[in-house]
Amino acid sequence: MRVTLSNLSIKQRLTLSYILFILIPFCVLAMHTYGQTRAYQKDQSASNMSQTLTILKNGLEGKLNLVESISHNITFNTSLQSFLSDPFNVQNGSMDQYIQFIKPIVYYGLQYNQVEVSSIRVYMNNTSIPEGFGSFYSSSDVEDTDWYNSFIHSKRQSAWLAFPNEGSYAYLQKIVTMEGEFLGVTSVSILKQNLLNSLDDSNNISPDIYVADANHQLLYGSSAIKQSWGSAINDKKQFEQHGKLYVQDHIEQLGFTIGIVSQIPVSLRSYQLLTTFGFIAAIVLSILVFYQVLKTTFIKIKASIRAMDHSIRTGFTELIPVERNDEIGVISEKFNTLLAQINTLVEDLIRHETVHKDAQLKALQAQINPHFIYNTINLFSAKTELAGLYDVSEAFADFGRMLRYNMNNQAKYSTVQQEIQHVVHYIQLQKLKYGDRLQFNWYCETQLINAPVIRFILQPIVENSITHGMRNRNNLRIRLDIDWNDRGEVRIHIQDDGSGINTARLSELNLFFHRRTDIGQPLLAHDTGEGNGIGLGNINDRLRMFYGDAYAIHMDSIEGSFTQTILTIPFQEETAGK
């Protein structure tokens with residue numbers, strides 16, 4: 001496959017790319033759009049049908065809720081419950097109560113309602129109360145019926161029942177006092193035609209409405225639905241069958257299924273299909289036009305390529321002619337510019353190589369000077385030792401060791417031990433001036449002696465302690481301690497008993513080290529040019545740069561008593577010399 005593609009010309013590759021990456025994707029996209037449009041229209045139709053169905057369902061459920069409300073008003077009436085629970089005695093005015101108060105409870109519920117209730121019956125367990133008024137019956141009249149026995153022996157307090165022979169539906173509710181005494185059953189009935197008559201008014205909007213019971217028996221629907229009902233039974237809320245879209249929902253009280261059927265329009269689908277094929281035909285036609293344009297363009301490109309090839313063979317000395325103002329002409333101009341720059345770059349490369357070799361030679365020569373100085377110092381040390389000046393000889397030796405430590409400036413890291421030795425050499429050198437008036441002691445945890453630290457962070461601090469601590473003092477003690485802090489970090493503590501720092505200056509220094517403020521005067525002697533070492537500001541900058549802002553220098557002091565400088569650095573594995 002790779003060999004075949006590599007043998008194709010650019011024109012053929014572009015044509016193939018157009019087919020693979022433009023034509024085919026657009027055809028797929030067109031078919032996908034067609035399918036998505038159909039699905040969207042079906043969803044829109046289903047959404048409209050669902051809204052209509054919700055209105056119809058709410059209408060039916062509203063009627064059922066009104067029936068239940070009438071039943072509740074009668075069942076939970078305290079006067080009725082009291083009447084049914086007491087013995088009926090004509091002599092005590094029970095008949096008057098029956099006629100004046102109990103009968104109207106049912107009568108008004110039957111006469112004044114919005115759902116055309118067909119009957120309201122109260123089946124009483126109290127056999128002393130006479131039946132009457134077409135609404136009050138003894139429970140013995142229905143105690144042999146299956147529906148009554150099934151209901152009173154169930155745990156349900158209310159239930160809807162269908163009476164197909166009567167063409168009605170009844171809402172049954174047990175009459176139970178607050179004490180739990182069972183007094184009878186309330187039955188509120190509504191005819192099937194009165195329940196479903198609201199659907200007749202909706203046929204002008206959506207004629208294909210149907211209602212089925214829990215056994216999938218069709219209760220309401222057009223003749224067309226009745227003919228196809230056997231094959232249309234489905235429990236899904238939305239489905240498509242025989243070119244028709246069905247949307248249905250359930251009414252929980254009676255277990256009804258109410259639905260709407262709509263025909264999917266065929267003409268719309270044909271128009272979409274025609275549009276899709278027209279779009280594909282237009283793309284195919286565009287391929288032919290595209291091919292002709294490519295053919296003409298590549299004839300001109302090949303002519304420019306031949307001119308470039310001739311220029312290359314002649315050693316980049318001949319420029320190619322520019323005869324066009326389009327992109328091909330721009331390529332020719334850029335090629336001529338490239339030829340000129342190639343000649344310039346060749347000349348620059350030769351010049352840079354010469355300069356680079358000169359720089360290497362000077363660098364090698366520069367490396368000789370520090371070694372010469374170190375060797376000269378060793379010569380002085382040997383001569384003074386031969387002359388019996390042992391303290392001067394040792395000072396020269398210490399100075400030479402310090403010089404060698406400073407000469408190794410290519411390494412970023414050193415070890416704690418090497419930094420301590422550097423300080424010791426410096427102290428020995430200072431003792432030429434101060435003698436026993438200068439005392440230095442140090443301690444380091446064994447595990448930290450080879451811990452890596454950045455170079456030149458201890459000696460400048462010790463030098464600062466000597467420079468400032470000896471002011472107005474005859475003696476000075478310096479103590480260096482290196483151990484762990486409570487966070488597992490390396491803690492470096494340098495303390496002297498010198499002149500100390502006043503409180504205002506100390507606060508100013510610590511704020512400067514943490515970069516919360518600018519310092520208003522020179523930091524220390526080394527920063528003003530009084531010394532030749534590395535200042536505390538430099539050490540602080542390098543600590544923050546290498547370890548982070550949290551590892552700045554911190555100083556404590558009491559004027560006239562002591563000064564201590566505290567460094568904290570994270571513990572690392574051995575990387576000395578890297």
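Please keep in mind that the model is predicted. Across the whole structure, a search finds nine salt bridges, and the count of aromatic pairs comes to 19.

**Aromatic rings**

- A pair of aromatic rings is described by the distance of the centres and the angle of the planes.
- Among the 19 aromatic pairs is the one made by tryptophan 160 and tyrosine 171, with ring centres 5.2 Å apart. The planes of these two rings stand at 50 degrees, so the pair counts as tilted.
- This pair links distant parts of the chain: tryptophan 160 sits in strand β3 (residues 158-163) and tyrosine 171 in strand β4 (residues 168-176), eleven residues apart.
- Tryptophan 160 is buried because its relative accessibility is 12%, under the 20% cut-off for that word.
- Tyrosine 171 is also buried, at 4% relative accessibility.

- Side chains of opposite charge can pair when their charged atoms come close.
- Aspartate 497 and arginine 477 meet in a salt bridge through their side chains, at 3.4 Å from N to O. Aspartate 497 lies in the loop between β15 (490-496) and α13 (503-513), while arginine 477 belongs to strand β14 (residues 476-484), so the pair ties together parts that are 20 residues apart in sequence.
- Arginine 477 is exposed, with 55% relative accessibility.
- Aspartate 481 and arginine 479 form another salt bridge, at 3.2 Å from N to O. Here aspartate 481 is buried at a relative accessible area of 16%, whereas arginine 479 is partly exposed at 36%.
- Glutamate 489 and arginine 487 are joined by a salt bridge as well, at 3.0 Å from N to O. Glutamate 489 is buried, with a relative accessible area of 11%, but arginine 487 is exposed at 61%.
- A network of salt bridges links Lys57, Glu61, Lys237 and Asp249.

**Surface patches**

- Glu131, Asp141, Glu143 and Asp144 form a negative surface patch.
- One of these residues, aspartate 144, is in the loop between β2 (136-138) and α5 (146-152). Aspartate 144 counts as exposed because its relative accessible area is 69%, and the cut-off for exposed is over 50%.
- A nonpolar surface patch of about 720 Å² is made by Leu16, Leu20, Phe21, Ile22, Ile24, Phe26, Val28 and Leu29.
- Valine 28, one of the residues in the nonpolar patch, lies in helix α2 and is exposed, with a relative accessible area of 54%.

**Cysteine 27 and helix α2**

- Helix α2 spans residues 10-75 and holds cysteine 27.
- Cysteine 27 is buried, at 18% relative accessibility.
- Cysteine 27 and alanine 281 are 254 residues apart along the chain, yet their C-alpha atoms are separated by 9.8 Å.

**An enclosed helix**

- Why is helix α12 described as largely enclosed by the rest of the structure? Nine of the eleven residues of α12 (residues 459-469) are buried, which is the reason for that description.
- The buried residues of α12 are Gln459, Pro460, Ile461, Val462, Glu463, Asn464, Ser465, Ile466 and Gly469.

- Most residues other than glycine have a negative phi, and most peptide bonds are trans.
- Histidine 216 is not a glycine, but has a positive phi of about 65 degrees. Histidine 216 lies in the loop between β6 (209-212) and β7 (218-220) and is partly exposed, with a relative accessible area of 30%.
- Phenylalanine 456, again not a glycine, has a positive phi of about 60 degrees. Phenylalanine 456 is found in the loop between β13 (452-454) and α12, where phenylalanine 456 is buried at a relative accessible area of 15%.

Methods: Residues numbered from 1 in each chain as written. Predicted model: local features only at pLDDT ≥ 70, side-chain atom pairs only at ≥ 80, totals over all residues. Heavy atoms only, no water. Patch = residues over 30% accessible without salt bridge, like charges linked within 9 Å, V, L, I, M, F, W, Y side chains within 5 Å. Areas by Shrake-Rupley, 256 points an atom, 1.4 Å probe, with all protein chains shown as cover. Salt bridge = Lys/Arg side-chain N within 4 Å of Asp/Glu carboxyl O. Lys, Arg positive; Asp, Glu negative; His and termini not counted. Charge placed at Lys NZ, Arg CZ, Asp CG, Glu CD. Helix = DSSP H or I, 4+ residues; strand = E, 2+ residues; numbered from the N terminus. Buried < 20%, exposed > 50% of the residue type's maximum accessible area, 1.4 Å probe, protein only. Phe/Tyr/Trp six-rings, centres within 6.5 Å; stacked < 30°, edge-to-face > 60°.
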